[in-house]
Amino acid sequence: MEQQEWIRIFQMEIETLNRKEHTWHLEFDENIDPDNPNMGWKKYFKKTSARFSCTSCRRSWPSNRVMVVFHMRLMNGRGTVKVRPLRQNCKTCSNAQMVKPSVESDNIQVLMETLMEKIRIKCYQEDLGEHNRRPRILDVQSPHEPDHCEGCKLGICTKQ
């Protein structure tokens, strides 16, 4: 996962808010509790498609059920978005480590566009109605494996 690509696309998309009086930044945080944001923070979950690669056997697999958790807040003119893409582990290796997803740029773009809508709704109280832009789907040959999905283990895999 290229964090710099996420940040680059985030910075491009944040310009669409046209809120020059506020500065926003994106940070990765593996410790955010998906369903329990800190006081004053708003939460948002989005499903995307990504690839994973086992650090033990090098097996790789695609998934169309990769949950990404966002916590956001705007305070004193500074906006912060914390992001945590949830991990999966290899179904063929015993005791395999959870690995981070590799999300393609076009799907990061979709994530950031929908994130901007959520920032406008949750931080600026704008009424935008519902939009639902979907990520580019990957060719997945096997069913989702809840036992190997961090999102399923946290109980948020199917939340949108």
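**Reading the terms on this model**

Guide: Start with a charge and a ring. Lys-82 sits over the face of Trp-41, at 5.0 Å from the ring centre.

Visitor: What makes a charge sit over a ring?

Guide: NZ of Lys or CZ of Arg must be within 6 Å of the ring centre and within 35 degrees of the ring normal. Lys-82 is at 5.0 Å from the ring centre of Trp-41 and lies over its face. Arg-19 also lies over a face, that of Tyr-124, at 3.9 Å from the ring centre.

Visitor: What kind of model is this, and which residues and atoms count?

Guide: The model is predicted: local features need pLDDT of at least 70, side-chain atom pairs count only at pLDDT 80 or more, and totals for chains, interfaces and linings use all residues. Numbering runs from 1 along each chain as its sequence is written, and side-chain values use heavy atoms, with hydrogens and water left out.

Visitor: How many helices and strands are there, and in what pattern?

Guide: There are 3 helices and 4 strands. Both are DSSP runs numbered from the N terminus (helices H or I, at least four residues; strands E, at least two). Along the sequence they read α-β-β-β-β-α-α.

Visitor: Why is the protein called as compact as a globular protein of that length?

Guide: Its radius of gyration is 16 Å, close to the 15 Å that the globule rule gives for 160 residues, so the description holds. The radius is taken over C-alpha atoms, and the rule is 2.2 Å times the number of residues to the power 0.38. Along the principal axes, the C-alpha atoms fill a box of roughly 50 × 30 × 30 Å.

Visitor: Why is Phe-52 called buried?

Guide: Buried means under 20% relative accessible area, exposed over 50%, and partly exposed in between (1.4 Å probe, protein chains only). Phe-52 has 1%, so it is buried. Trp-61 is at 9%, so it is buried too. Of the 160 residues in the protein, 42% are buried.

Visitor: What makes the pair of Phe-52 and Trp-61 stacked?

Guide: A pair of aromatic rings is described by the distance of the centres and the angle of the planes. Rings of Phe, Tyr and Trp (its six-membered ring) pair if their centres lie within 6.5 Å; planes under 30 degrees apart are stacked, over 60 edge-to-face, the rest tilted. The structure holds 4 aromatic pairs. For Phe-52 and Trp-61 the centres are 5.6 Å apart and the planes at 15 degrees, so the pair is stacked.

Visitor: What is the volume of the largest pocket, and what makes a pocket?

Guide: The volume is about 260 Å³. Which residues line this pocket is also settled by the grid. There are 17 of them, and the closest to the centre are Trp-61, Pro-62, Ser-142, Pro-143 and Glu-145. The grid has a 1 Å step over the protein atoms alone: a cavity is a set of points where a 1.4 Å probe fits but cannot get out, while a pocket is an open set with protein on both sides within 12 Å along at least five of seven lines; lining residues have an atom within 4 Å of a point. Points are joined across faces, edges and corners, and the volume is the space filled by probe spheres set on them.

Visitor: How many residues of that lining are nonpolar, polar and charged?

Guide: The lining divides into 5 nonpolar, 8 polar and 4 charged. Nonpolar covers Ala, Val, Leu, Ile, Met, Phe, Trp, Tyr, Cys and Pro; charged covers Asp, Glu, Lys and Arg; the others, Gly among them, are polar.

Visitor: Why does Asn-95 count as exposed?

Guide: Asn-95 has 80% relative accessibility, so it is exposed. The residue sits in the loop between strand 4 (78–85) and helix 2 (105–122).

Visitor: Is Asp-35 buried, exposed or partly exposed, and why?

Guide: Asp-35 has 26%, so it is partly exposed. It belongs to the loop between strand 1 (23–28) and strand 2 (42–53).

Visitor: Why is Met-112 called buried?

Guide: Met-112 has 0% relative accessibility, so it is buried. Met-112 lies in helix 2.
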